[in-house]
Amino acid sequence: MALLEVESLVKTYPLPPAPGQRAGRQAPVLRAVDGVSLRLEAGQALGLVGESGSGKSTTAALVARLADPDSGQIRLDGEDLARVPARRAARAPWRAQVQLVFQDAAGSLNPRHTAQEAIAQPLQHLAGLSGQALQRRVLEAAALAQLPEALLQRLPHQLSGGQAARVGLARAIGLRPRLLILDEPTSALDVSVQMGLLQRLDALRRELGVSLLFVSHDLEVVRLLCQQVAVMRRGRIVESGVTEQVMEAPRHPYTAQLMAALGELDGAD
Amino acid sequence: MNTHRHTALPPTVNPVMDAPASPLLEVHDLSIGFATAPAARSGRPPLPTVERLSLQLQPGQTLGLVGESGSGKSLLALAVMGLLPPTARILGGRLRVAGQDLLSATPAQWQQLRRHTLAMVFQNPRQALNPVRPIGLQLQDALQSRAPLSRAQAQAQALALLEQVEIDQAPARLKAYPHELSGGMCQRVLLALALSREPRLLLADEPTTGLDITTQAAILKLLTRLASERHMATLLITHNLAMARQHCSHLAVMHAGQLVETGPAAQVLQHPLHPYTRGLRAATPQRGLALGDLQAMPGSLPDLGRADLPACRFAERCLQVQTRCDTQPPEWRALASGPPEALHRAACWSLN
């Protein structure tokens, strides 16, 4: 059994009624996620690729249980997470198993909390830790994210983009989740910083067995980190499979377009 | 009074010296600093953030300015546009566009320059547009500010510009507000606004960062095609090496406010001379390389507010550092002789 099984997930949003439409007619909806199914084995990484508006971030938010799907199942080790409504998911027993890392690392941290406090909060609320045990786990989480201890007393505005990203990672990994959902965590970072973070994520996957659901629009980065890839377009998965195979012989024209957009450092113009 | 910090030091060999007669953009020994509170208290001139930067750009060339965030790329572009923040100070050097000295330009001259010679495309296109005015009217405003046009003429030209930047359903889009357009379309509108100036120099500061990867490629292709058709000079700021390789004829690599390497784009990336350029390349994902093959760059940009920065600001991150890197600014070395536009040079003592 796979760690994560997503089946026929659907999420719609209401659209403003078309001009001149009579009241009482069925309101138009946007099918943001339109029947998505995914499988992620324990200790593996799955890349979810697509353009803005393709529904990849919405899918990630549904799996992370930040939003409620209209229909479909999200099973973690066989347990259907979708049955708990999003507003109660924060207190669900599996909350510590599924953690999130956001794109805007600095923006997703409370500006008035130090790195230490940011990392401690999930450990307090979800693992009930306090005192020395809490302190020990904070240091351990910082070490796992390779966040230097000297930075723990800093506020988000005193951190660089790469350092803030590591605080976000430490916050998520502190609970030792089984599934880490990452929404474009490196797209705003310089290559020099991006590379360090990707290597850290890969090491966490291999050493701790954390599964990664990695949302990105950059196939090159997905290739580095993910064994499996699913390409989304307009709410649907148009192609999926082993990353190397999908990239070598893309079958959907959109995947081919994504490949063509990747630049190369060598070779002719 | 000359406030340049290094006037006492011997001048470095400079890429500008043996260039053809009339580059469109000529930056010579330019230093830019910030009048911070500590600097004001000490009574000394501000420390140079951008230090002794020299480069030039010919009509028709596309120069990619690459380097990590905080390396001073945007600061240079803002200096060329006359848009430096109020606390920034030009500490020395020359800055010319089409032969005109920008550092002594009056506000009236700046207005002329921005209406007829210079144009800039910014990173966040939606923020650069007026949110409460349809884009057609924003284009007409720009067109009418530089030439006396009737409303009908301005409207026709606005439409023509939208068609040139390949916005589909252009006639209908004239009435659209920025929030009704995608990020890629907003960037096309911004490019149309820039083109309405018929500029000779186009500055593009990370014009596609934050856009989808397929949109990025399309926008850059459009930008470089229009630039070459109009024989504009283009300065493209980016931190994406693969993108710079694809769309630029030349590259200039900056680290911590210093220019470290320049040359034809293909050569600079295939045979990087400077250890910093090599480090950037080694950290860039590319086909055929696994995660373990890529190398993270050691260290991070030094704090430019420090008074004790080494002469080569890469020295503390460099694996080939020598003792003189701390005290002597590195000389420029060329890989081979040739016409100036083909020269590939770097400023590093390890090349001696």
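1. Quick ground rule before the helix pairs: axes here are lines fitted to C-alpha atoms, for helices over the stretch in contact, and angles run from 0 to 180 degrees between N-to-C directions. Helices themselves are DSSP runs (H or I, at least four residues), numbered from the N terminus.

2. Keep in mind that this is a predicted model, where local features need pLDDT of at least 70, side-chain atom pairs count only at pLDDT 80 or more, and totals for chains, interfaces and linings use all residues. Residues are numbered from 1 along each chain as its sequence is written, while chains are lettered from A and ligands numbered from 1 in the order in which they are written.

3. On the chain A side the contact uses A:Gln257, A:Leu258 and A:Ala261, and on the chain B side B:Ile213, B:Thr214, B:Gln216 and B:Ala217 (contact means C-beta atoms, placed from the backbone, within 7 Å).

4. Within chain A, helix 3 (residues 115-127) and helix 5 (residues 161-173) have axes that come within 7 Å and cross at roughly 25 degrees. That makes helix 3 of chain A roughly parallel to helix 5 of chain A. Helix 3 of chain A brings A:Ala115, A:Ala118, A:Ile119 and A:Pro122, which meet A:Val167, A:Ala170 and A:Arg171 of helix 5 of chain A.

Technical notes: Contact = placed C-beta atoms within 7 Å. Helix = DSSP H or I, 4+ residues; strand = E, 2+ residues; numbered from the N terminus. Parallel < 35°, antiparallel > 145°, perpendicular 65-115°, else oblique.
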